[in-house]
Amino acid sequence: SGELVLRAVEKSFGSGENRVTAVDHVDLTVHPGEFVTLLGPSGCGKTTTLRMIAGFESPTSGSVLLDGDDMLRFTADRRPMAMVFQSYALFPHMTVFENVAYGLRLRRVPAKQLKEEVGFALASMGLTALAERAPHQLSGGQQQRVALARAMVVKPKVLLFDEPLSNLDAKLRVQMRLEIRRLQRLLGISSVYVTHDQDEAMSLSDRIVVMRNGRIEQVGTPDEIYRTPASVFVADFIGRANFLDVAEASDSSRTGHADIVVLGERMSARAHPDAVQSAASVLMVRPEAIRVRRYAEGDDQVVGNHGRVLNAVFYGESVEYEIETEVGTIVAVVSDPVYEEIVPVGELVGIS
Ligand code: ADP
Ligand code: MG
């Protein structure tokens with residue numbers, strides 16, 4: 001169980017000229033045990049979508065179903081869901097133990113069972129030794145762990161996260177996202193996670209929902225989103241991308257096909273008398289898909305598949321080149337720099 005379905009969910013705020021459509025016809029199914037991330041720039045409707053799932057906000061239209069039950073009939077506290085916030089939202093006057101126990105006390109869970117279940121939640125977050133502390137005696141990472149323990153202890157069918165790691169420093173963020181994933185796998189609870197951080201989305205998710213202006217732009221596994229982005233927006237938002245003009249050498253009278261010709265090969269297309277060139281399409285090339293080699297022949301022209309290094313940055317595990325080419329400046333990332341010499345700025349390189 002734990003199948004969450006959003007059907008044609010819409011949310012508008014305000015009226016008349018001030019009307020803002022925050023969420024615009026969102027259809028989404030989260031499968032039982034699945035970890036789904038809503039990813040997109042600030043203001044694209046992620047939080048509003050999450051708040052409608054949780055019941056803090058009611059949709060203008062559409063439905064929210066959990067295992068076939070209409071959730072809109074229930075207020076937030078009656079939905080079998082738990083939410084983890086960026087601000088942790090711990091009770092400052094309660095100990096760690098009591099913070100985690102809170103939801104179980106509301107549900108009138110017997111004392112012995114309560115102690116066991118809180119104990120398990122604290123242990124799985126590595127908090128056992130901190131049970132009697134107050135929140136202000138904890139670090140940010142520890143407070144976030146308490147918030148996680150408090151969410152999981154009530155055994156929700158759905159866990160909801162709204163940018164829970166934004167207040168933590170970079171290193172702790174990476175560590176906590178591994179913990180969140182480990183915990184979620186362990187418990188097998190369907191999860192919806194909101195973030196604007198693409199690395200977070202890539203590392204946590206079974207599937208990513210890319211949102212833009214209140215709408216879903218693409219849904220897919222991290223791999224699908226990265227390798228086959230559905231739009232320029234998605235390609236640009238997830239990872240880095242070069243966008244190149246595509247010269248389309250269409251020779252339909254003979255082959256019935258159009259060839260896509262870029263960079264060096266474009267030369268041969270130009271030479272082809274029947275080639276029809278247009279810039280109707282955009283080609284996306286990831287920086288790591290571009291091969292760079294030192295150009296040996298002493299040619300000093302930026303033509304065809306030759307470019308000039310404008311900038312070379314050594315990152316240890318990779319070298320990033322900015323290269324001036326015939327079709328504009330492109331970014332190439334070369335891994336294994338240890339085994340390759342770094343081409344200096346100003347030199348010509350061959351690109352493929
Ligand atoms: P995100 O979480 O992706 O940054 P939000 O869901 O918070 O985006 O907001 C989506 C849009 O809805 C934004 O334009 C925001 O200004 C608007 N919005 C959100 N909540 C309200 C509200 N309570 N009243 C009016 N507008 C709102
Ligand atoms: Mg938000």
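Mentor: A residue counts as buried if 20 or more other C-beta atoms lie within 10 Å of its own. The model here is predicted.

Trainee: What share of the residues of the chain count as buried?

Mentor: Of 352 residues, 34% count as buried. The chain has nine helices and 18 strands. Among contacts between residues at least 6 apart in sequence, 64% join residues at least 24 apart.

Trainee: How are two packed helices described?

Mentor: By the angle between their axes and the distance between the axes. Take α3, residues 111-124, and α4, residues 140-153: they pack at about 140 degrees, and their axes are 9 Å apart.

Trainee: Why are α3 and α4 called oblique to each other?

Mentor: Angles over 145 degrees count as roughly antiparallel and those from 65 to 115 as roughly perpendicular. The angle of α3 and α4 is about 140 degrees, and therefore the two helices are oblique to each other. Their crossing is right-handed.

Trainee: Which residues of α3 and α4 meet?

Mentor: From α3, Glu-117, Val-118, Ala-121 and Leu-122; from α4, Ala-149, Met-152 and Val-153. By class, this contact has six nonpolar residues, no polar ones and one charged.

Trainee: Now the ligand. Which residues surround ligand 1?

Mentor: The shell consists of Phe-13, Gly-14, Val-20, Ala-22, Gly-40, Ser-42, Gly-43, Cys-44, Gly-45, Lys-46, Thr-47 and Thr-48. Two or more of these residues come from each of β2 (20-30) and α1 (46-54).

Trainee: Which element gives the most to the shell around ligand 1?

Mentor: That is α1, with three residues. By class, the shell around ligand 1 has seven polar residues, four nonpolar and one charged.

Terms used. Residues numbered from 1 in each chain as written. Chains lettered and ligands numbered in written order. Predicted model: local features only at pLDDT ≥ 70, side-chain atom pairs only at ≥ 80, totals over all residues. Axes fitted to C-alpha atoms, helices over the stretch in contact; angles between N-to-C directions. Helix = DSSP H or I, 4+ residues; strand = E, 2+ residues; numbered from the N terminus. Parallel < 35°, antiparallel > 145°, perpendicular 65-115°, else oblique. Left-handed = near helix turned anticlockwise from the far one by under 90°. Contact = placed C-beta atoms within 7 Å. Nonpolar A, V, L, I, M, F, W, Y, C, P; charged D, E, K, R; others polar. Near = placed C-beta within 6 Å. Buried ≥ 20, exposed ≤ 12 C-beta atoms within 10 Å, placed from the backbone.
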